[in-house]
Amino acid sequence: MTISDKDRQLLSLLSENARLPTAMLARKLGLSRTTVQSRIERLERDGVIAGYGIRLSDDFEQGLVKAHVLITLAPKALARVTQELHALQQVRTLHSVSGSFDLIAIIAAPSISALDLIIDRIGEIDGVERTLSSVVLSTRISR
């Protein structure tokens, strides 16, 4: 699938604010409104744009305590553990990784005590052999 520079610029604008009106996107890109609408429809149809979501405000995000939880699994436990982690709302993202750990979960909670409880809950999941947690002190770059 070929993506032009204008498509990349459009994707960048939409990632900053997916609610920008098509007319505003067109002005910023120097294209007609119908061209921008056609590009968006093509990007959706081709699966480049898989959906739209919300980005929480910095003020709200700063009130949350976040951690990276590195997880070592028992053999053949990936599907079961992934399903249980998916059910935990505090798990923001889950990555399969190479190295001495199998997964990295990014979690967020309203307090240290709530974070501690969710980390304990992750450790109790059948198939999780070991965890190692790092609390995020600050975020230097977020895109």
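A word on the ground rules. The model is predicted, so I kept local features to pLDDT of at least 70 and side-chain atom pairs to pLDDT 80 or more, while totals for chains, interfaces and linings use all residues. Residues are numbered from 1 along each chain as its sequence is written, and side-chain values use heavy atoms, with hydrogens and water left out.

Let's start with helix H1, residues 5-16. Helices here are DSSP runs of H or I with at least four residues, strands are runs of E with at least two, and both are numbered from the N terminus. H1 has twelve residues and spans 17 Å from first C-alpha to last, close to the expected 16 Å; that expectation is 1.5 Å times one less than the number of residues.

Which residues of H1 are buried? They are Asp7, Leu10, Leu13 and Leu14. Buried means under 20% relative accessible area, exposed over 50%, and partly exposed in between, with a 1.4 Å probe and protein chains only. Looking down the axis of H1, the buried residues fall within an arc of 125°, so they line one face of the helix; the arc is taken over directions from the helix axis to the C-beta atoms. On the face turned away from that buried side sit the exposed residues Asp5, Arg8, Ser15 and Glu16. The cover over the buried residues of H1 includes helix H2 (22-29) and helix H3 (33-45), where contact means heavy atoms within 4.5 Å.

By salt bridge I mean a side-chain nitrogen of Lys or Arg within 4 Å of a carboxyl oxygen of Asp or Glu. Arg39 is in helix H3 and Asp7 in helix H1, 32 residues apart, so to speak two distant parts of the chain linked by the pair. Arg39 is buried too, at 19% relative accessibility.

Arg42 also forms a salt bridge with Asp7, with the closest N and O atoms 2.7 Å apart. Arg42 is partly exposed, at 23%. Through shared partners, Asp7, Arg39 and Arg42 join into one network.

Elsewhere, Glu84 pairs with Arg121 in a salt bridge at 3.1 Å, linking helix H5 (residues 78-86) to helix H6 (residues 112-124). By this rule the count comes to four salt bridges.
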